[in-house]
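These are my notes from going through one model, entry by entry.

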Amino acid sequence: MILYFAGGSNAPFLHGGDILESFWYKRDALEAMAHAQNFFLDSGAFTAFTKKVTIKIEDYAAFIHAHVSRITVASSLDAIGDAAQSYANYKELKNLGCQVIPVFHCREDPRWLVKYLDEGVPYIALGGMVPESKRWVAQWLEDLWASYLTRPDGSARVAVHGFGMTILDFMRAYPWYSCDSSSWTYGARYGYVLTMWPNGKQAWVFVGDAHSAAKDFGERHYNNFPPLYQEQFCRFIAEVGVATVAEMKADPAKINEHNARVFAQWAATLGEVRFQRTTEGLFDA
């Protein structure tokens, strides 16, 4: 699976890696293109939707054409809450000569997904999952992969990208071709350190002291760990090799680098995933 680091344009430690940036933030997109091994261009439709601004499809198409040699993947200009318009935009961009992948969103009628599949699209993105509850997304993904996206042997029918896919359990449960995540930035934003414990479980450990919410983290804060857990945590971050706890406390940007390295190492170990239905889907209960 290819893991794109969303918002990684200004992180030197991600240069030569896989980065996703939005057309909405053109300067960041251009910066990322100059340094990424693989670059995923997001249309910026969600940001435009939240700001109540319309992105002109001609402008997006012109940007893609101008930088096509440096773009590995570009998403279509999806219309939030309007699957029919998303489809129309996809067809128009294709007619304009842009190689884009369509986006199918949570709570859209599956017939639109079927329409893309029937037309033979080789690569499709799933979006709209970030604001939904984990339980709902789990059921939705079970339905999509079981009913539409996998062959009888559990392999993917087409390449599938997961927008904003930050839940590791979901990332390893389905045969994604690619995902993107911005949760590696939780270090500088909240003081979270991505940790893989010896039992194979992952956790976000809080190490920041200055953050206003530090007092609310209780047993999840490194300072409150029993000595044995602190020792295990320190051993883990030493193996990753980016920074010590003291260095992370002093420079939260070091946590970002640590988190990105852990994510990349973890994704590299996934190998080929085959889907096996183990829980009820959204409409099975």
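**Entry 1. Helix H6.** I began with helix H6 (residues 134-149), where the buried residues are Trp136, Val137, Gln139, Trp140, Leu141, Glu142, Asp143, Leu144, Trp145 and Leu149. Buried means under 20% relative accessible area, exposed over 50%, and partly exposed in between, with a 1.4 Å probe and protein chains only. Helices (H or I, at least four residues) and strands (E, at least two) are DSSP runs, numbered from the N terminus. I then looked up what covers the buried residues of H6, and the cover includes E5, H5, strand E6 (123-127), strand E7 (159-162) and helix H7 (168-173). Contact here means heavy atoms within 4.5 Å.

**Entry 2. Basis of the values.** The model is predicted, so I note that local features need pLDDT of at least 70 and side-chain atom pairs count only at pLDDT 80 or more, while totals for chains, interfaces and linings use all residues. Residues are numbered from 1 along each chain as its sequence is written, and side-chain values use heavy atoms, with hydrogens and water left out.

**Entry 3. Gly127.** Gly127 counts as buried because its relative accessibility is 2%. I set aside neighbours within four places in sequence and found Gly127 in contact with Val103, Phe104, His105, Cys106, Trp140 and Phe163. Of these, Trp140 is also on the list of buried residues in H6. Gly127 and Phe163 are 36 residues apart in sequence, and their C-alpha atoms are 5.1 Å apart.

**Entry 4. Val114.** Helix H5 (residues 110-118) holds Val114. With 28% relative accessibility, Val114 counts as partly exposed. I checked Val114 against Leu149, 35 residues away along the chain, and their C-alpha atoms are separated by 9.5 Å. Leu149 is one of the buried residues of H6.

**Entry 5. Positive phi.** Most residues other than glycine have a negative phi. I noted Arg107, which is not a glycine but has a positive phi of about 70°. Arg107 sits in the loop between strand E5 (103-105) and H5, and with 56% relative accessibility it counts as exposed. Lys52 is not a glycine either, and its phi is positive at about 60°. I placed Lys52 in the loop between helix H2 (45-50) and H3; at 79% relative accessibility, Lys52 counts as exposed.

Entry 6. Is Ser22 buried or exposed? Ser22 counts as buried, at 8% relative accessibility, and belongs to strand E2 (residues 18-22). A polar atom of the Ser22 side chain lies 2.9 Å from the backbone nitrogen of Trp24. Leaving out residues up to four places away in sequence, I found Ser22 touching Ala29, Leu41, Asp42, Ser43 and Gly44.

Thr72 is in the loop between helix H3 (57-66) and strand E4 (73-74). Thr72 counts as partly exposed, at 41% relative accessibility. With residues up to four places away in sequence not counted, Thr72 touches Tyr4, Gln37, Asn38 and Phe39. The C-alpha atoms of Thr72 and Glu31 are separated by 15 Å, and the two residues are 41 apart along the chain.

**Entry 7. Helix H11.** I checked the length of helix H11 (residues 253-268): at 1.5 Å a residue its 16 residues should span 22 Å, and the end C-alpha atoms are 23 Å apart, which agrees. The expected span is 1.5 Å times one less than the number of residues. The buried residues in H11 are Ile255, Asn256, Glu257, His258, Asn259, Ala260, Val262, Phe263, Trp266 and Ala267.

**Entry 8. H9 against H11.** The axes of helix H9 (residues 227-240) and H11 come within 10 Å and cross at roughly 80°. That makes H9 roughly perpendicular to H11, a term for angles of 65 to 115 degrees. I found Phe236, Ile237 and Val240 in H9 meeting His258, Arg261 and Val262 in H11. By class, this contact has 4 nonpolar, 1 polar and 1 charged residues.

**Entry 9. Glu272.** Last, I looked up Glu272, in the segment after H11. Glu272 is exposed, with a relative accessible area of 63%. Its side chain is joined to that of Arg274 by a polar contact of 2.9 Å; a polar contact is a pair of N or O atoms within 3.5 Å. Glu272 and Met1 are 271 residues apart along the chain, with their C-alpha atoms separated by 8.1 Å.

Methods:
Axes fitted to C-alpha atoms, helices over the stretch in contact; angles between N-to-C directions. Parallel < 35°, antiparallel > 145°, perpendicular 65-115°, else oblique. Nonpolar A, V, L, I, M, F, W, Y, C, P; charged D, E, K, R; others polar. Polar contact = N/O pair within 3.5 Å; in protein donor to acceptor, adjacent residues only side chain to side chain.
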